[in-house]
Amino acid sequence: MNANQFLKAVSQLQGWRECAFLLALAERSFPNYALFADAVELKTGAKMRQLMDLAWDMLQKDASEAAIPQLLAKLEALSPDVNAYDAYGVYPAFDFCQLLEQALLNRLNPGKHRATEASGIATATVMNFVEMSEGEDLDEDELVRLLDQHPLMKEDKAFQRDLVLDLKRQRTPTSQFVERLRQQAANDGVSNLGVSLGD
């Protein structure tokens, strides 16, 4: 699947498939939030985990319309203000919040396509991290090469591509399928930036 085929496949995701795609992207980047919250002593990691779990539950149960605005308000309260912190970690943490927000908004307004933008947010999290950590003194060509060859970029691409293929093949969101998707996305607690909750 080349880049154009991937973008086309993402743009065709609808309904529960789109929601599952958004949730999986958020799940993969959850450790970025949890580690940042820990590092700056926000004490919000467990609350955010609960919110993430509730969002997954909604994939198989019809969420009441009223519940989603409450979850969105909770998410907003738990989201870090990027201007309030000097630490780089606030950006990946905020990206995670944006992905979870897209998944919740998808349940509220399933007619609006969100997967393409979310895919871009998730990839940009990795790109910005690689650029920040390894690309400082590189010119543009070197940076393009670095991003092209970087294991984290390759992993992100493979994860998103496999996700789309899995979703396209699956007829209904059975509990086994959703559980497997969740576990793959959780990646044993290792995020799209290669940081782990176990560290």
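**Figure 1. Helix α8 and its span in the predicted model.** The structure shown here and in the following views is a predicted model.

Figure 2. Leu152, Met153, Asp156, Phe159, Gln160, Leu163, Val164, Asp166 and Leu167 are the buried residues of α8. These residues lie on the same side of α8 because they cover an arc of only 165° around the axis. An α-helix has 3.6 residues a turn, so residues three or four places apart point the same way. On the other side of α8, the exposed residues are Pro151, Lys157 and Arg169. The partners against which the buried residues of α8 pack are the helices α1 (3-11), α2 (15-39), α6 (115-134), α7 (140-149) and α9 (175-186).

**Figure 3. The largest pocket and its lining.** This pocket has a volume of about 450 Å³. It is lined by 19 residues, of which Ala3, Phe6, Thr123, Met153 and Lys157 are the closest to its centre. Four helices, α1, α6, α7 and α8, each supply at least two residues of the lining. Helix α8 provides the largest share of that lining, with six residues. Met153 is also among the buried residues of α8, whereas Lys157 is exposed.

**Figure 4. Threonine 125 in helix α6.** Threonine 125 is part of helix α6 and counts as buried because its relative accessibility is 3%, with the cut-off for a buried residue being under 20%. The side chain of threonine 125 comes within reach of the backbone oxygen of isoleucine 121, at 2.9 Å. When residues up to four places away in sequence are not counted, threonine 125 touches Asn32, Tyr88, Pro92, Asp95, Asn192 and Leu193.

**Figure 5. Proline 80 in the loop between α4 and α5.** Proline 80 belongs to the loop that joins α4 (67-78) and α5 (90-108). With a relative accessible area of 6%, proline 80 is buried. Leaving aside neighbours within four places in sequence, the residues in contact with proline 80 are Tyr33, Phe36, Tyr85, Val90, Ala93, Phe94 and Cys97. Of these contacts, alanine 93 is 13 residues from proline 80 along the chain, and the C-alpha atoms of the two are separated by 7.4 Å.

**Figure 6. Two residues with a positive phi.** Most residues other than glycine have a negative phi. Lysine 43 has a positive phi of about 55° although it is not a glycine. Lysine 43 is located in the loop between α2 and α3 (45-57), and its relative accessibility of 70% makes it exposed. Asparagine 187, likewise not a glycine, has a positive phi of about 55°. Asparagine 187 is found in the segment after α9 and is partly exposed, its relative accessible area being 25%.

**Figure 7. Serine 175 and glycine 198.** Serine 175 lies in helix α9. It is partly exposed, with a relative accessible area of 47%. Serine 175 and glycine 198 are separated by 23 residues in sequence and by 27 Å in space, C-alpha to C-alpha.

Notes
Residues numbered from 1 in each chain as written. Predicted model: local features only at pLDDT ≥ 70, side-chain atom pairs only at ≥ 80, totals over all residues. Heavy atoms only, no water. Buried < 20%, exposed > 50% of the residue type's maximum accessible area, 1.4 Å probe, protein only. Arc of directions from axis to C-beta. Contact = heavy atoms within 4.5 Å. Polar contact = N/O pair within 3.5 Å; in protein donor to acceptor, adjacent residues only side chain to side chain. 1 Å grid on protein atoms, 1.4 Å probe; cavity = no way out; pocket = protein on both sides within 12 Å on 5 of 7 lines; lining within 4 Å. Points joined across faces, edges and corners; volume = space filled by probe spheres on them.
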